[in-house]
Amino acid sequence: MMDLSRFNQGLEEIKADIRDAEEKTFQELPAGEYDVAITGLEMKETKSGDALMLSTVMQVLSGPYKNRLIFYNQMLMTGFGIHQANNFLKSLDTGADVKFDDFIKYDELIKEIFFTIGQENLEYKIELSRKQSKNGKTYENYKIIEVFGD
């Protein structure tokens, strides 16, 4: 049997680190405006592999939530879902002609938009809001309200 008692030194510091991690990890980002950089933008399969979604990762650039990540995923398996994704992609203001022809071309478009964001060092001010549906589930909404770049 392994003697683990030697690892029990300094437990108060470890426990404090655990509390800090729990607070930071599970603290909901409040509704409001945030300056963000888009660090990920891709079309990918859902975990179950039976659907496609637009997956966006944004990193908060300043304020008390600096470096926090915001995840925006939009399902792409209905006309409404693609319409929502198109509106989001257009709001990124990269100059791309955002339209859906098929999933292969749409994937190329998303990659092109992400490349342009990086090339032009685009950053965004987003508005995060929450809305409760009739079934009681809360949905987050993200709206690009300003674009910054070189």
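## Salt bridges in a predicted model

A search of the whole structure finds four salt bridges; each is a side-chain nitrogen of Lys or Arg within 4 Å of a carboxyl oxygen of Asp or Glu. This is a predicted model, where local features need pLDDT of at least 70, side-chain atom pairs count only at pLDDT 80 or more, and totals for chains, interfaces and linings use all residues. Residues are numbered from 1 along each chain as its sequence is written, and side-chain values use heavy atoms, with hydrogens and water left out.

**View 1. R130 pairs with E28.** The two side chains form a salt bridge, with the closest N and O atoms 3.7 Å apart. R130 sits in strand β4 (residues 123-132) and E28 in the loop between α1 (11-26) and β1 (32-45), so the bridge ties together parts 102 residues apart in sequence. Helices (H or I, at least four residues) and strands (E, at least two) are DSSP runs, numbered from the N terminus. R130 is partly exposed, at 26% relative accessible area. E28 is exposed, at 55%. Here buried means under 20% relative accessible area, exposed over 50%, and partly exposed in between (1.4 Å probe, protein chains only).

**View 2. R130 also pairs with E140.** This salt bridge spans 2.9 Å, N to O. R130 lies in strand β4 and E140 in strand β5 (residues 138-148), so the pair links parts 10 residues apart in sequence. E140 is partly exposed, with a relative accessible area of 36%. Shared partners join E28, R130 and E140 into one network.

**View 3. D107 pairs with K111 in a helix.** The closest N and O atoms of this salt bridge are 3.1 Å apart. Both residues belong to helix α3 (residues 103-119). They are four residues apart, so about one helical turn separates them. K111 is exposed, at 53% relative accessibility.

**View 4. The chain around these pairs.** The protein chain has three helices and five strands. Along the sequence, their pattern is α-β-β-β-α-α-β-β. The radius of gyration, taken over C-alpha atoms, is 20 Å. The C-alpha trace spans about 60 × 40 × 35 Å along its principal axes. Buried residues make up 31% of the 150 residues.

Key. Rg over C-alpha atoms; globule rule 2.2 N^0.38 Å.
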